[in-house]
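Trainee: I'm new to this one. Could you walk me through it?

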There are 2 protein chains.
Amino acid sequence: MLEMFVALAEQNRYRIVELLRGGPLPVNRIGAQLRLNQPQVSKHLRVLKDAGLVDVEPHAQHRVYELRGEPLRDMHTWLERYRRVWDQRFDQLNELVVELVKKEKADARRKKK
Amino acid sequence: MLEMFVALAEQNRYRIVELLRGGPLPVNRIGAQLRLNQPQVSKHLRVLKDAGLVDVEPHAQHRVYELRGEPLRDMHTWLERYRRVWDQRFDQLNELVVELVKKEKADARRKKK
DNA sequence: TTCGTATATGCCTTGACAGGAATATGCTCG
DNA sequence: CGAGCATATTCCTGTCAAGGCATATACGAA
């Protein structure tokens, strides 16, 4: 999960992913579309590939890159665990925090003695 | 979206977010739980806050941080746009790529003349 | 006010990473 | 085989961000 975030935390890689959402593309197309030099495109694709976000398929000298579904599904699953954060209210949890703070004070008092 | 990825693309910030999934926590709790020095925790929380991922609420000298739902919902929405990547097959699109490559060659040939 | 506690900020050093340019590798075709 | 094209890799350099440490700020209690 972390590795995926690292991969996506870069302008051009993010743009590449967005671009590939429309379907697989060869390297030169990506470079042309995003106005990037070929070496940088290859490098970014390398990172994306290492993160498992894309797959390559050789077509003669061309290398066609496409998005892989698995990691995206994984991210979706990961995100689902947070669903309650935006579905429910956390008001009751705030109460709980007040408790924590009180306990904190209790600890401090105990330490003194 | 990018800013959120940048924020999450760091070990400790990622861990903080995961920790806060369980509910709001004051800074010292976070530091203790993740074995981080207080200044680093504050700095990471700053980044998370700037990215809109967390919110602060002062309780006396304590600052209680909690996850915000909005950006998570945004990520969910963003991810939904990729749903077809893992839902459907892309086989037919691969055909399209073969077309692209052919067109490429045609272009090259045209350039020569 | 003074002390103790919780948190934020500033400075410094170091490591990682992105871009540029040159070069290497791989494939196709004549 | 040799030329040409698409892509990958390497080396170099500058930038930026994370951690450590010291310090500033804010608040509460005595």
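We'll talk through the DNA surface, a helix pair and some strands.

Mentor: This is a predicted model: local features need pLDDT of at least 70, side-chain atom pairs count only at pLDDT 80 or more, and totals for chains, interfaces and linings use all residues. Residues are numbered from 1 along each chain as its sequence is written, while chains are lettered from A and ligands numbered from 1 in the order in which they are written.

Trainee: How many residues surround DNA strand C?

Mentor: A residue is near a strand if its C-beta atom, placed from the backbone, lies within 6 Å of it. Here 23 residues surround DNA strand C, and Pro26(B), Val27(B), Asn28(B), Pro39(B) and Ser42(B) are the closest.

Trainee: Which element gives the largest share of that surface?

Mentor: Helices (H or I, at least four residues) and strands (E, at least two) are DSSP runs, numbered from the N terminus. The largest share, 6 residues, comes from α4(B).

Trainee: At what angle do α2(B) and α4(B) pack?

Mentor: Axes are lines fitted to C-alpha atoms, for helices over the stretch in contact, and angles run from 0 to 180 degrees between N-to-C directions. α2(B) and α4(B) pack at about 75 degrees, with axes 10 Å apart. They are therefore roughly perpendicular (65 to 115 degrees).

Trainee: How many bridges join β2(A) to β3(A)?

Mentor: Two strands pair if DSSP finds at least two bridges between them. β2(A) and β3(A) run antiparallel, joined by 6 bridges. His59(A) has His62(A) as its bridge partner in β3(A), and Ala60(A), in the hairpin, takes a positive phi near 60 degrees.

Definitions and conventions:
Parallel < 35°, antiparallel > 145°, perpendicular 65-115°, else oblique.
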